[in-house]
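Me: I would like to learn how to read a structure feature by feature. Please take me through one.

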Amino acid sequence: MTRNKLLDLRKFVAPEFVFGDGAAGLAGRYARNLGARRVLVVTDEGVIRHGCAGLVLESLAREGLPNVVFQEVSSNPRDCEVMAGAETCLREGCDAIVAVGGGSPMDCAKGIGIVVTNERHISSFEGVDNVPRPGLPLICVPTTSGSSADVSQFAIVSDTSRRLKLAIVSKTVVPDAALIDPRTTTTMGYELTAHTGLDALTHAVEAYASNASSPVTDLHALEAVRLVSANLLAAMRAPHDLEARARMMLGSLYAGLAFSNAILGAVHALAHGLGGLLDLPHGLCNAILLEHVVAANYETAPGRYRNIGLALGAAMPEVGDHSGGRQALLEALRRLTREAGVNCRLSELGVQREDLPELAAKALCDPCLVTNPRPFTIEDIVGIYEKAL
Ligand SMILES: [Fe+2]
């Protein structure tokens, strides 16, 4: 029986957010309104060097709010870093957190907040709806247009002992406020812009194809595909073009609202294993895997993928021509990723054939696989990795 998606029960969770030039400078006022008396600022060395953390620190100073900076965050934030941040937070008596940076500082900050209030190890929150108490008040100031951790109910943390990425999915990790300032992204380099932008594109594609999608998430997902595909290359070529950066930031925001609620799919399930095993950039892993997962999924939801192709600007054939549609969509995805400079195979990043069974076993347990439009066996997953190898 065909599902009537219009009548499916679906909720939509989103934080309060401010979008626009100057949003980062509101951090102090928002922290004050949330009742903060001493703020833990979670960031990383690159964000400090580019001056974005400074905008937040000045804003806190204007409100007379003392703060402590925690910057020991890797590009794939680790469980031990979250625990060290929580220790700093408790020791310094901080009662609110401002995260400034890309997905890594924001995910680390989410982890710190729930560790402090629940007094448990970060690994104990793995899975869906597994955080008993909300974290500390949290404001996110994203400085990349990709992860959307600033609006999502996801926190992804590397489990260093099991060498995998823990996915924590809970309404309790949705920030209290997101201050989304496109100007902060003008400091991103060429490669980071490409990887984070392709991560946003993957969020939109997976949310639209997800079996937990809804009319509300569809609206955001398709518009995100349009915005990212039309503006990614412009943002890469002219990093200080504030208009292109704003459109990318808006695309990332829409993709975040879509995937936080419709969840993701096999691209992320397979990418999490790669990030955990080899510490590879998340957006790069997604960009490499995307076309292979879409190729495997296409027949299950041809109408959905046709709409994605149209949003990408591909010349899609008539409705009903599934093999032509599949080919046109795959070509459009390949063209965009190649033009964004991603043209490598997993083997060039250090993945070996003998790693594949372990990677596939981890992907099979990832919560993102649950909403993929079709089920996969472990052999299917190994097959996808092999195509990308
Ligand atoms: Fe992602």
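Predicted model: local features only at pLDDT ≥ 70, side-chain atom pairs only at ≥ 80, totals over all residues.

Me: Which strands pair with S4?
Reply: Two strands pair if DSSP finds at least two bridges between them. S2 (residues 39-42) is joined to S4 by four bridges, and the two run parallel. Within that pairing, Leu40 has Ile97 as its bridge partner. S6 (residues 138-142) also runs parallel to S4, with five bridges between them. There, Val98 is partnered by Ile139.

Me: Next, the metal. Which residues coordinate the iron ion?
Reply: Donors are N, O and S atoms within 2.8 Å of the metal (3.2 Å for Na, K and Ca); water is not among the atoms, so sites may look incomplete. Here the iron ion is held by Asp199 through OD and by His203, His268 and His282 through NE2, at 2.2 Å. Along the chain, the donors follow the spacing D-x3-H-x64-H-x13-H. Distant parts of the chain are linked: Asp199 lies in helix H6 (residues 190-209) and His268 in helix H9 (residues 266-278), 69 residues apart. Both Asp199 and His268 are buried.

Me: What geometry does the iron site have?
Reply: Four donors count as tetrahedral if all angles lie between 85 and 135 degrees; four count as square planar and six as octahedral if opposite donors are over 155 degrees apart and all others between 65 and 115; anything else is irregular. The angles among the four donor atoms run from 84 to 169 degrees, and the site is irregular.

Me: How do I read the largest pocket, and what lines it?
Reply: The search uses a 1 Å grid over the protein atoms alone. A cavity is a set of points where a 1.4 Å probe fits but cannot get out; a pocket is an open set with protein on both sides within 12 Å along at least five of seven lines; lining residues have an atom within 4 Å of a point. Grid points are joined across faces, edges and corners, and a volume is the space filled by probe spheres set on the points. The largest pocket has a volume of about 930 Å³. Its lining has 47 residues, and Ser75, Gly103, Ser104, Leu192 and Thr196 are the closest to its centre. H6 gives the most to this lining, with six residues.

Me: What classes make up the pocket lining?
Reply: Ala, Val, Leu, Ile, Met, Phe, Trp, Tyr, Cys and Pro count as nonpolar, Asp, Glu, Lys and Arg as charged, and the others, Gly among them, as polar. The pocket lining has 15 nonpolar, 24 polar and eight charged residues.

Me: How many cavities are there?
Reply: The count is two cavities of 30 Å³ or more. The largest cavity holds about 60 Å³. Among its 13 lining residues, Val205, Glu206, Val293, Asn297 and Tyr305 lie nearest its centre. Helix H10 (282-297) supplies the largest share of that lining, four residues. By class, the lining has nine nonpolar, three polar and one charged. The second largest cavity has a volume of about 30 Å³. Helix H8 (residues 242-262) gives the most to its lining, with three residues.

Me: Last, the backbone. Where do Ser148 and Arg163 lie?
Reply: Ser148 is in the loop between S6 and S7. Its phi is positive, about 60 degrees, although Ser148 is not a glycine. Ser148 is buried, at 2% relative accessible area. Arg163 is in the loop between S7 and strand S8 (164-169). Arg163 also has a positive phi, near 50 degrees, and is a residue other than glycine. Arg163 counts as partly exposed, at 42% relative accessibility.

Methods:
Residues numbered from 1 in each chain as written. Heavy atoms only, no water. Buried < 20%, exposed > 50% of the residue type's maximum accessible area, 1.4 Å probe, protein only.
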